[in-house]
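Me: Please show me the sequence and the model. I would then like to go through some local features by question and answer.

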Amino acid sequence: MIRNIDKFYEIEKKIKNNLSKIDSIYDNVEDLYDKLEETRTYNELIAKVRVFFQNIAEEVQQEVADTICTITTSALFAVFPDDPYECKIRFKIKRNIIEAELYFERDGEEFHPVDDSGGGVIDVAAFAARVAFIFLSGAKKLLIADEPFKFVSKDYLPKIPEMLRMLSEKLNMQFIIVSHIHEIIEGADNVIKVK
């Protein structure tokens with residue numbers, strides 16, 4: 001009988017020891033669950049913050065695109081009023097990077113500046129885009145350009161000084177242009193001849 005009682009106490013001791021281990025494991029599981037909940041809450045907060053900043057970035061991106069397109073479209077319309085182009089920018093995500101694709105629309109048809117447009121259109125759009133970038137940068141409102149309109153056809157050259165005046169007045173900018181083109185020289189406010 002004593003052997004049985006000793007055995008009983010030995011089993012009871014093992015059970016208490018195992019219960020203590022189970023309690024410890026249970027406490028660890030509870031701690032892990034609490035940490036998991038904290039991590040889940042933290043991840044949800046990070047996701048909300050990411051969406052918030054992504055929305056702000058998209059708004060700013062769209063405002064910049066709208067400004068560039070408005071300035072470029074105004075310049076194109078000033079030079080090509082009978083056949084107006086509208087500047088557009090489309091955003092695409094490639095390899096987790098946002099890329100901007102500039103294109104023109106006319107009569108509902110898309111034109112890609114380099115592939116589908118004449119040189120004059122590209123010259124005017126490129127000049128206007130530079131003006132837009134200077135305007136957006138907040139830098140000094142001055143652009144110095146060397147022969148920026150060399151591919152504009154003769155028919156449209158008289159419109160270039162009008163476009164320059166319009167951009168200068170609207171954006172409070174000055175342009176210094178080096179040119180050999182008679183129509184541009186004649187339309188300038190000041191001319192300095194260099195020999």
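This is a predicted model: local features need pLDDT of at least 70, side-chain atom pairs count only at pLDDT 80 or more; totals for chains, interfaces and linings use all residues.

Reply: Residues are numbered from 1 along each chain as its sequence is written, and side-chain values use heavy atoms, with hydrogens and water left out.

Me: What volume does the largest pocket have?

Reply: A pocket is an open set of points on a 1 Å grid over the protein atoms alone, where a 1.4 Å probe fits and protein lies on both sides within 12 Å along at least five of seven lines. Grid points are joined across faces, edges and corners, and the volume is the space filled by probe spheres set on the points. For the largest pocket this gives about 890 Å³.

Me: Which residues that line the largest pocket are the closest to its centre?

Reply: Lining residues have an atom within 4 Å of a point. Helix H4 (159–171), strand S5 (174–178) and helix H5 (182–186) each supply at least two residues of the lining; helices (H or I, at least four residues) and strands (E, at least two) are DSSP runs numbered from the N terminus. Of the 23 lining residues, the closest to the centre are Phe175, Ile177, Ala188, Asn190 and Val191.

Me: Is valine 178 buried, partly exposed or exposed?

Reply: Valine 178 belongs to strand S5 and, leaving aside neighbours within four places in sequence, is in contact (heavy atoms within 4.5 Å) with Ala145, Asp146, Glu147 and Pro148. Buried means under 20% relative accessible area, exposed over 50%, and partly exposed in between, using a 1.4 Å probe and protein chains only. Because its relative accessible area is 41%, valine 178 is partly exposed.

Me: What kind of ring pair do tyrosine 85 and phenylalanine 104 form?

Reply: Rings of Phe, Tyr and Trp (its six-membered ring) pair if their centres lie within 6.5 Å; planes under 30 degrees apart count as stacked, over 60 as edge-to-face and the rest as tilted. A search of the whole structure finds seven aromatic pairs. In this one, the ring centres are 5.8 Å apart and the planes stand at 65°, so the pair is edge-to-face.

Me: How many residues apart in sequence are the parts that this pair ties together?

Reply: Tyrosine 85 is buried at 9% relative accessibility, and phenylalanine 104 is buried at 0%. Tyrosine 85 lies in the loop between helix H1 (2–79) and strand S1 (86–94), and phenylalanine 104 in strand S2 (residues 97–106), so the parts tied together are apart in sequence by 19 residues.

Me: Is glutamate 147 buried or exposed?

Reply: Glutamate 147 is found in the loop between strand S4 (142–146) and H4. Its phi is near 50°, a positive value in a residue other than glycine. Since its relative accessibility is 16%, glutamate 147 counts as buried.

Me: With which residues is methionine 166 in contact, leaving aside its neighbours within four places in sequence?

Reply: Methionine 166 has its place in helix H4 and is buried, with a relative accessible area of 18%. Leaving aside those sequence neighbours, the contacts of methionine 166 are Ser74, Ala75 and Ala78.
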